Amino acid sequence: MLRQSHSLPGLIAALLVMLLAISGAILSVDPALERLHNTATATGQLNVGQLAGRVANHFPGVEQIQRTASGTVIVYYNKNGQAGAETVDPLTGESLAPYATSAFTRWVKELHRSMFLGTPGHGASGVGALFMLMLSVSGALLLARRLGGWRNLLRPLRGTFSQRWHAEVGRLALLGLLLSALSGLYMSATTFGFIADGSQSEPAFPAHVSTGPTLPVATLQALQATDLNDLRELVYPSPGNPHDVFSLRTAQGDGYVDQASGALLSYQAHDSMHNLYEWIYQLHTGEGLWWLGLPLGLCALCVPLMSVTGILLWWRRRKAGPNIRHNSPAHSADSVILVGSENNSTWGFAKTLHDALHQSGHQVHSAAMNNWVGDYRKAQRVFILTATHGDGDAPASASQFLARLAKTGLKPGLPFAVLGLGDRQFAQFCQYAHQVQDAMLQAGGSPLLGLETVNRQSSQEFARWGHALGEVLGQDLVLVHTPQQPRTHQLQLTERIAYGEQVNAPTHILRFKACGELPGFLAGDLVGIVPPGSPIPRFYSLASGSRDGVLEICVRKHNGGMCSQFLHGLNIGALIEAFIQPNPQFRPASGAHPVILIGAGTGIGPLAGFIRNNKARHPMHLYWGGRNPTSDFLYEPELNQYLSDRRLTALRAAFSQVQDRCYVQDRLIGDALTLRRLIEKGAQVLVCGSREMAKGVIQALDEVLAPLNLSVLTLKAQGRYREDVY
Amino acid sequence: MKKIIATTCLAGAIALPGLAQAREVTLTTQLKDYSGNDAYLAIYVTDANGQYQKTLWVAGKKAKYYKHLSDWARGSGMNPSEFDGVSGASVGSGRTLKVSVELADTLIDAGYQIRIDSAVEDKRDARADVSAPLTSKGAGQPATGSTYVESFTYDL
């Protein structure tokens, strides 16, 4: 619901909001430009009488003096029957330049206010402000939900490029956009008279004015009593009319000034509605508040970016949406698939399962988890595929599932299987799937399989789950789901360095060159390689960036590993098909903070790549575990080179098949003091290797961090602990 | 009761000749090509001393900007009854405003003037942009404006 209330207005009003934002951003520069070109005076430095006296020396025919909110002083005068206007230096009264509003600014202003459409255009701008307000509020609510509450609002963001940028930029611009939208809405409401605009009736024209000789303007007492910074406008009396008076408008109120006595007549102070209007007007336009106008303009500039990424995100969600054929009704299906999805990507997996079950003769019903009815009369099994949203919360299509399940209960002993889909970068990986698993157990269901998880839409893990499921069901279940295969590039193997043959862990460092130009990538990104005979790509962490001129990976041969065997068997000069999957989360953060690199086995690949690119010589500490230094010390010569040229600060290797066997976890515990010092200096931890090793590393580091009252979970939440595990 | 009705009829009879002595005047105001938004104009009659007498036409619909037509605003007190039925849209740069209004014969050739105050957003206000004597001889003679008005003509 919340999501729709964000995307629907976004889609409807994207163009309108972009137009308002871009024009607003252009206008926001004006107050700063104006401020650059005028002379500022301190309060108490100059009064209006002094200014009028100086102006009179240069402009005998002065009719009106104006001071804009940004401090420009404009003199309107009449010379030989022709009207003129000039900006003047308030300190001398001398002309600075002829005054004219720029045609471009006027054009943009009119575009911003009414799109040259008169009253309907004014209305459209107001509606645009309303949309902006709705989008800001619903966007903030969504962001808070995604990050697990308001107190986490400043936490690092994860997700695809569009997701991250949409949220990151939105978070930066939120306050500015709220301010602009609210103030714009207020101004629009005053234009249409929905809210009083605080305009007051003019002060009554004085009934009596002095008849004596007129005094020089500089000596008029009411003008001397008014600070220049408070002046809005001074209108001179008609020349030669002794009964006329000056009109004086100031920041505080309006009145008339007797040209003979210098007294302030019929003064009327501004009321609070008037002051409110002026204040909001200033907040919206930045007039006189150039330091506010510029950041507001920057915030507005974020709107086009958010509109474009927002539409992209919506389109992707829509494309991934449910499109299930042969969907049996809930009451007649023998197999029920329930889907918990935030952005629809889980539906692709559900569809694959649905089709596979349908093909093997089942009556399958697929629905969102929120559509749970409890009354599945013919159901013999229930599959629940669910993502997790934010800090362990239910995704959109499952928000009511647990409540509904608690209400309806479950057919006793109904077999079920839960598959969690998520991203291990999140601290609460597949947390909601765990909750669902527990709830189903508690409701009396009997698990077909334990809870399984799929990390980052891994086709391999999903296929593995299907295989296990097939065994339980006593039938072959081949689940091939490849979420959007990108365009592949042809690569040629140019170099191979072999390690680990003697310790039963044959590992190759493989270097490829592109047949044309290499696609862009950085160390830590993933390369997807599709082995002949399987549609499912396997992913390897990249040990080089495209700037290095080669694509380098580190691959250990696994028994029965289709792709690793294929790669190990490649001849120099052979060609493969591959594509890049960016992995921007797994990368050293920019800045001079120390980096702790932890890996085992082939996990060293991307870590070696990071060290190679450490041209700024930031402190980098590598903890790495292998088997035997004489056989599988991967990258040994390179690492020694990096140590000597200080790209690597310290190398702490551990070997498990030597006399004093030691694992990388032991090294971490042994170095606890050093590690604590590094963490206190703001160090970032990057871990690459097998899941087992990653678990051990978390345990060891929790032990190391305990005296600091820190844990890996807190580091993860701060974005300082990142994993690439497989 | 009868007496009251009779008095009312009598008052009407006296007033009627006054109405009969009014005539239709066509006011043609041609604006200059200035760069700016549409102009607000107040066309009104003053005595020889510039004292406000009567509003002929107000161009511009938002009353909150009327204070920029300052002499007229002072004279009329911006009282809506002063311009009731004689107001219309603001006038764009280079455009011509042509309106017909009722004018009492007693104001012609009696030392009165027609004046125009004008104002444009973010630009100067112009008091007495035009000031032309209201005479039978002056009818059809274009008067020149000082600020936004290029020329002003009244046809009796």
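Colleague: Which hand does the crossing of α6(A) and α9(A) have, left-handed or right-handed?

Modeller: The crossing of α6(A) and α9(A) is left-handed; that word applies if the near helix is turned anticlockwise from the far one by less than a right angle, whereas clockwise gives right-handed. Please note that this is a predicted model, in which local features need pLDDT of at least 70, side-chain atom pairs count only at pLDDT 80 or more, and totals for chains, interfaces and linings use all residues. Residues are numbered from 1 along each chain as its sequence is written, and chains are lettered from A and ligands numbered from 1 in the order in which they are written.

Colleague: Why is α6(A) called oblique to α9(A)?

Modeller: The axes of α6 (residues 161-191) and α9 (residues 290-319) of chain A come within 8 Å and cross at roughly 140°. Angles under 35 degrees count as roughly parallel, over 145 as roughly antiparallel, 65 to 115 as roughly perpendicular and the rest as oblique. The angle therefore makes α6(A) oblique to α9(A). Among the residues of α6(A) that meet α9(A) are A:Trp165 and A:Leu172, and the α9(A) side includes A:Cys299 and A:Leu305. By class this contact has 15 nonpolar, 8 polar and no charged residues (Ala, Val, Leu, Ile, Met, Phe, Trp, Tyr, Cys and Pro are nonpolar, Asp, Glu, Lys and Arg charged, and the others, Gly among them, polar).

Colleague: How are α1(A) and α5(A) oriented to each other, and why?

Modeller: The axes of α1 (residues 2-28) and α5 (residues 118-146) of chain A come within 8 Å and cross at roughly 140°. α1(A) and α5(A) are therefore oblique to each other, and their crossing is left-handed. The contact of α1(A) with α5(A) divides into 13 nonpolar, 7 polar and 1 charged residues.

Colleague: Which strands stand at the edges of the sheet in chain A, and what makes them edge strands?

Modeller: In chain A, 8 strands form an open antiparallel sheet in the order β4-β3-β2-β1-β5-β6-β7-β8. Two strands pair if DSSP finds at least two bridges between them. β4 (95-98) and β8 (264-269) of chain A each have a single partner strand, so one side of each is left without a neighbour in the sheet. From one strand to the next, the twist averages 20°. Helix α3 (residues 48-58) of chain A packs on this sheet, touching β1 (62-67), β2, β3, β4 and β5 of chain A.

Colleague: How do you know that β5(A) and β6(A) pair, and how many bridges join them?

Modeller: Strands β5 (residues 231-235) and β6 (residues 246-250) of chain A run antiparallel and are joined by 4 bridges. A:Val235 stands opposite A:Ser247 in β6(A).

Colleague: In what order do the strands of the sheet in chain B lie?

Modeller: The order is β4-β3-β2-β6-β7 in chain B, an open sheet of 5 strands with mixed pairing. Strand β6 (residues 113-119) of chain B pairs with β7(B) in the antiparallel sense over 6 bridges.

Colleague: How many residues does each chain give to the contact?

Modeller: Chain A gives 18 residues and chain B gives 17; residues are in contact if their C-beta atoms, placed from the backbone, lie within 7 Å. The side of chain A that touches chain B has 6 nonpolar, 9 polar and 3 charged residues.

Key:
Helices (H or I, at least four residues) and strands (E, at least two) are DSSP runs, numbered from the N terminus. Two residues are in contact if their C-beta atoms, placed from the backbone, lie within 7 Å. Axes are lines fitted to C-alpha atoms, for helices over the stretch in contact, and angles run from 0 to 180 degrees between N-to-C directions.
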